[in-house]
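This briefing is intended to be read alongside the sequence and the coordinates.

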Amino acid sequence: MSRNGKVKITKSSFNKYFHIWFDSQYSISSFPIIHQFSNLPLFLSPLSMSPASFRRLASAAAIIATASSGAVFLTPSLASSDRGRPPIVESLRRSIGDPTASVPSRSVQESALSGASLSNPLDILVIGGGATGSGVALDAATRGLRVGLVERDDFSSGTSSRSTKLIHGGVRYLEKAVFNLDYGQLRLVFHALEERKQLIENAPHLCHALPCMTPCFSWFEVVYFWMGLKMYDLVAGPRLLHLSRYYSAKQSVELFPTLASKGKDKNTTLTGTVVYYDGQMNDSRVNVGLACTAALAGASVLNHAEVVSLIRDDVTQRVIGARIRNNLSGQEFDTYAKVVVNAAGPFCDSVRKMADGESKPMICPSSGVHIVLPDYYSPQGMGLIVPKTKDGRVVFMLPWLGKTVAGTTDSATSITSLPKPHEDEIQFILDTITDYLNIKVRRTDVLSAWSGIRPLAMDPTAKNTENMSRDHIVLEDCPGLVTITGGKWTTYRSMAEDAVDAAIKSGKLKPINECVTQKLQLVGSYGWDPSSFAALAQRYVRVKKTHGGKVVPGTMDTAAAKHLSHAYGSMADRVAAIAQEEGLGKRLAHGHPFLEAEVAYCARNEYCESAVDFIARRCRIAFLDINAAEQALKRVVEILASEHKWDKSRQMQESKMAKEFLQTFKSSQNAHVQQQEA
């Protein structure tokens, strides 16, 4: 046993421990569902493997488990409340967890940035308010550094709001790692699984475990996926969410009623399914939570603030700041920093070229398209994964916020701020899920569709750039400018940690403490539990104003209470209070739980500065149903106008920009097709 209380197992003794572990977890006596395998052909049954076969499996597991460090550490799983926290975390917990806490105003944040001078600079200026950039700001601020962040649009306005909504280690990456003996892919899986559960624990109101079902139409597929997903469980170790398991065809259809019982060629029947667990999140609300938590921790964060140019020292040519334009007012100002961190996602090459026009590109953009379908396509608590399509892709169909999200594609694209989904990509997703469902899949059922740009990274200093990395890259190819890119949503926290470490080294900064974000929950997480919605429903009413100005009290129904609880966590009481006390309890759109009070709350507490900020990133109505978003738009603009003192001209401009934005959630043929088929 090592000094830190962990059990250390070297390669030489792993086989012995693996056999003990495997027998205890998956023997017939302790895992009765494996009785289902008694119908397997003898040569396929995992229960009929010879001792030699088990030893080979154990050896393979040993190689996987020891690949990154040469040893496995089996750590007892501890509840969050049992883990010791550094004193700085307790101090931050009090400030971030205060239910009455409010983020500094936008004007205060802008003043802090413009006040950073050459003689009194920020420690770190972050460019980009996506998951990684906001994570960098939070990490640096909680180390006691003076931090600023600017985002030219809104927090999570780019790739970070357009994900598959999964928090995952990467089942397909593990498959590639095993079959291609690819250490890079294996390291990515280890890393992502380590971060997966931590993200769920740090934002429990916005993230949860989700079972995903893999259909099998032969016994070979059953064994193949069962063993692969058991290996996924093994690699997760103490970060395991729930054990994967096999279900018979009958059980599978009970769990997923729309699942087809016949294969796509109609000559095969459903043999069974293997269900494993990954995480799911409300991505943009996690991102906004990161930015607001960073603000509460002391960072100066400013959305709708664009970097016009970088400032360099005349003598050393080191990057020492940036020229910023406030895109809401049009005013510009300079801000100075000891280090600038470039976390601009797909646009990081544009920032690098501001410092060095000759810099080599490091981004190879890839488009991922998703569509949203009605809730009856999938059951409430079960996702579906198509492990391999005809062109080798993986397609998911997942329940999300009362609808079904399906995707994704993976194709080369150009970099643009508002990518649009192509009709052929939408049709590809529809055609793929058709083969696995027993209901008619209709183009007119598509409620919304969007495209996100993945910033696949390649090291510009590498001699061979043929293989793009799904891992992240941190480099400083221009003094004073640290670039972080690549990676994925699940690993944003550790990516931010690496970027801050690099910035500290570059600027010779002196943080007060080490990184503490691993055990730091986001705003809204403290004091929240899954039953919090019940207290909301009991404590508040939704007071609504009619068009004639009459005030009408209404119940805080379960749907609205659950939505507020999961979207705002422990801050939901403040939203409900606005609904009750200010007469903003009416729904924004029929059939959706979003309330007028949310618009006012987000304007006051979440830096919601435009109609698009709200319909796309604060609530997700644009992603869920574009027709409902259009229906809600007029009232959203009216409430924001009241909060921000907009004149009629600004209100018209906001409505126009929001309608243009919603057009990007349709393919070029979408509106025409829907009109023809209606």
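The points below concern a predicted model and are grouped by topic.

The protein has 678 residues, of which 56% are buried, and its secondary structure consists of 22 helices and 22 strands. Among contacts with a separation of 6 or more, 74% are between residues 24 or more positions apart. Three cavities of 30 Å³ or more are present, together with 35 salt bridges.

**Largest cavity**

- The largest share, five residues, is supplied by α10.
- By class, the lining of the largest cavity holds 11 nonpolar, five polar and three charged residues.

**Second largest cavity**

- The second largest cavity contains about 40 Å³ of space.
- Its lining is formed by G135, L138, N202, Y492, R493, A496, T517, L520 and L522.
- Two or more of these residues come from each of α5 (131-141) and α13 (492-507), with α13 giving the largest share at three residues.
- Five residues of this lining are nonpolar, three are polar and one is charged.

**Nonpolar core**

- In soluble globular proteins, nonpolar side chains tend to be buried together.
- The largest nonpolar core of this model has 141 residues.
- Within this core, the residues with the most contacts are C207, L564, Y568, F614, I621 and V636.
- Helix α20 (residues 626-644) gives the most to the core, namely 10 residues.
- Apart from neighbours within four places in sequence, I621 is in contact with A589, F594, I615, I626, A628, A629 and A632.

- Helix α17 is mostly covered, since nine of its 10 residues are buried.
- The buried residues of α17 are E596, A597, E598, V599, A600, Y601, C602, A603 and N605.
- The elements covering these buried residues include α10, α15, α16, α18 (611-618) and α20.
- Just after α17, Y607 adopts a positive phi of about 55°.

**Salt bridge between D278 and R196**

- D278 and R196 form a salt bridge in which the closest N and O atoms are 2.6 Å apart.
- D278 belongs to strand β8 (residues 272-281) and R196 to helix α7 (residues 183-202), so the pair ties together parts that are 82 residues apart in sequence.
- D278 has a relative accessible area of 2% and is therefore buried, the cut-off being under 20%.
- R196 is likewise buried, with a relative accessible area of 1%.

**Salt bridge between R539 and D573**

- R539 and D573 form a salt bridge with their closest N and O atoms 2.6 Å apart.
- R539 lies in helix α14 (residues 532-539) and D573 in helix α16 (residues 572-581), so that this pair links distant parts of the chain, 34 residues apart.
- D573 is partly exposed, at a relative accessible area of 25%.

- E638 and R635 form a salt bridge whose closest N and O atoms are 3.1 Å apart.
- Both E638 and R635 lie in helix α20, where they are three residues apart, about one turn of the helix.
- An α-helix has 3.6 residues a turn, so residues three or four places apart point the same way.
- E638 is partly exposed, with a relative accessible area of 31%, and R635 also counts as partly exposed, at 29% relative accessibility.

Conventions
Residues are numbered from 1 along each chain as its sequence is written. This is a predicted model: local features need pLDDT of at least 70, side-chain atom pairs count only at pLDDT 80 or more; totals for chains, interfaces and linings use all residues. Side-chain values use heavy atoms; hydrogens and water are left out. On a 1 Å grid over the protein atoms alone, a cavity is a set of points where a 1.4 Å probe fits but cannot get out, and a pocket is an open set with protein on both sides within 12 Å along at least five of seven lines; lining residues have an atom within 4 Å of a point. Grid points are joined across faces, edges and corners, and a volume is the space filled by probe spheres set on the points. Helices (H or I, at least four residues) and strands (E, at least two) are DSSP runs, numbered from the N terminus. Ala, Val, Leu, Ile, Met, Phe, Trp, Tyr, Cys and Pro count as nonpolar, Asp, Glu, Lys and Arg as charged, and the others, Gly among them, as polar. A nonpolar core is a set of buried Ala, Val, Leu, Ile, Met, Phe, Trp, Tyr and Cys residues joined through side-chain atoms within 4.5 Å. Buried means under 20% relative accessible area, exposed over 50%, partly exposed in between (1.4 Å probe, protein chains only). Contact means heavy atoms within 4.5 Å. A salt bridge is a side-chain nitrogen of Lys or Arg within 4 Å of a carboxyl oxygen of Asp or Glu.
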